[in-house]
Amino acid sequence: MKIGFIGLGIMGKPMSKNLLMAGYELVVLDKNQKAVDEVVAAGAKAAATPKEVAQQTDIIITMLPNSPHVKEVVLGEHGIIEGAKKGAIVADMSSIAPLVSRELAEKLAEIGVEMLDAPVSGGEPKAIDGTISVMVGGKQEVFDKCYPVLKAMAGSVVRTGDIGAGNITKLANQIIVALNIAAVSEALVLASKAGVEPELVYQAIRGGLAGSTVLDAKAPMMMDRNFKPGFRINLHIKDLSNVLETSHEVGVPLPLTSAVMEMMQSLKVDGLDQDDHSSLVRYYEKLAKTEVKR
């Protein structure tokens, strides 16, 4: 199978390289020519438009920032829908609103093209080493066909239901990640202000019930003052906006998520929205007039 890959950002570029290493033929597209050149140098072929990508491939993967970008690439002028062959599959690995995934799937079905919504979790390090988690919505037979392709980029690939279910699962994931980062921030700021070394607190609790992947990934970044983005605050704001929009549609109050969303909005106002979401610790540091560091 020939694979199309549209979106070579922080996550998409290493994911596309993993597909090349797995032996797949790849046709790529991105607005960032430097990223395109890098993936082409690794063995891919470049295309000029989403339509051109679709014309040359059997599975078209999109990895884009948000719902409007995916809609434009799929349905816009020179979009995937103009070039996709009957029987092709669009696997959208972006994190977008579930209702948009369902809308796109309906439009693509009209021309005989299938769709999966397959958002990912794990951040840049796991995208690089091929151990991201992929949560997938779509028909079982379409999932089965795409599974080897998705697994070439991931440690875990799980179908959670029909189209839209992948993004619902991703929203649940983003709630847990956001609240975990907030909890780690609160705890380390408390320890620092109380005069206990946060590194020792971290080492003491990481093996107990408070231990988590989030703690191990983000506490060292906080203490090292390393806020280089693996996952930017502005992207987490986007995901939480989709969380809250969906929760209001289905009637689920999310008080803790709402609170963390406002914390992230505060950091955005402070000009920190391009930082890693571990920078949430700086919201608490500002309130407590202290700094978490080794």
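Helix axes here are lines fitted to C-alpha atoms over the stretch in contact, and angles run from 0 to 180 degrees between N-to-C directions. The model is a predicted one, where local features need pLDDT of at least 70, side-chain atom pairs count only at pLDDT 80 or more, and totals for chains, interfaces and linings use all residues. Residues are numbered from 1 along each chain as its sequence is written, and side-chain values use heavy atoms, with hydrogens and water left out.

**View 1. Helices H13 and H14 pack at an angle of about 80°.** H13 covers residues 255–269, and its axis lies 9 Å from that of H14; helices are DSSP runs of H or I, at least four residues, numbered from the N terminus. The two helices are therefore roughly perpendicular to each other, a label for angles of 65 to 115 degrees. On the H13 side we have Met 263, Ser 266 and Leu 267, which meet Arg 282, Tyr 283 and Tyr 284 of H14 (contact means heavy atoms within 4.5 Å).

**View 2. Tyr 284 sits in helix H14, residues 281–288.** Tyr 284 is buried, at 10% relative accessible area (buried means under 20%, with a 1.4 Å probe and protein chains only). Setting aside neighbours within four places in sequence, Tyr 284 is in contact with Ala 182, Ser 185, Glu 186, Val 189 and Met 263. With Glu 186 there is also a side-chain polar contact of 3.0 Å, meaning a pair of N or O atoms within 3.5 Å, one able to donate a hydrogen and the other to accept it.

**View 3. The largest nonpolar core has 35 residues.** Phe 5, Met 15, Ile 61 and Met 93 touch the most other members; a nonpolar core is a set of buried Ala, Val, Leu, Ile, Met, Phe, Trp, Tyr and Cys residues joined through side-chain atoms within 4.5 Å. Helix H8 (residues 140–151) supplies the largest share of this core, five residues. A second, separate core of 31 residues includes Val 184, Tyr 202, Met 222 and Tyr 284.

**View 4. His 78 belongs to the loop between helices H4 (67–75) and H5 (80–83).** His 78 is partly exposed, with a relative accessible area of 40%; that label covers values between 20% and 50%. Leaving out residues up to four places away in sequence, His 78 touches Thr 49, Pro 50 and Lys 51.

Note on methods: Angles under 35 degrees count as roughly parallel, over 145 as roughly antiparallel, 65 to 115 as roughly perpendicular and the rest as oblique.
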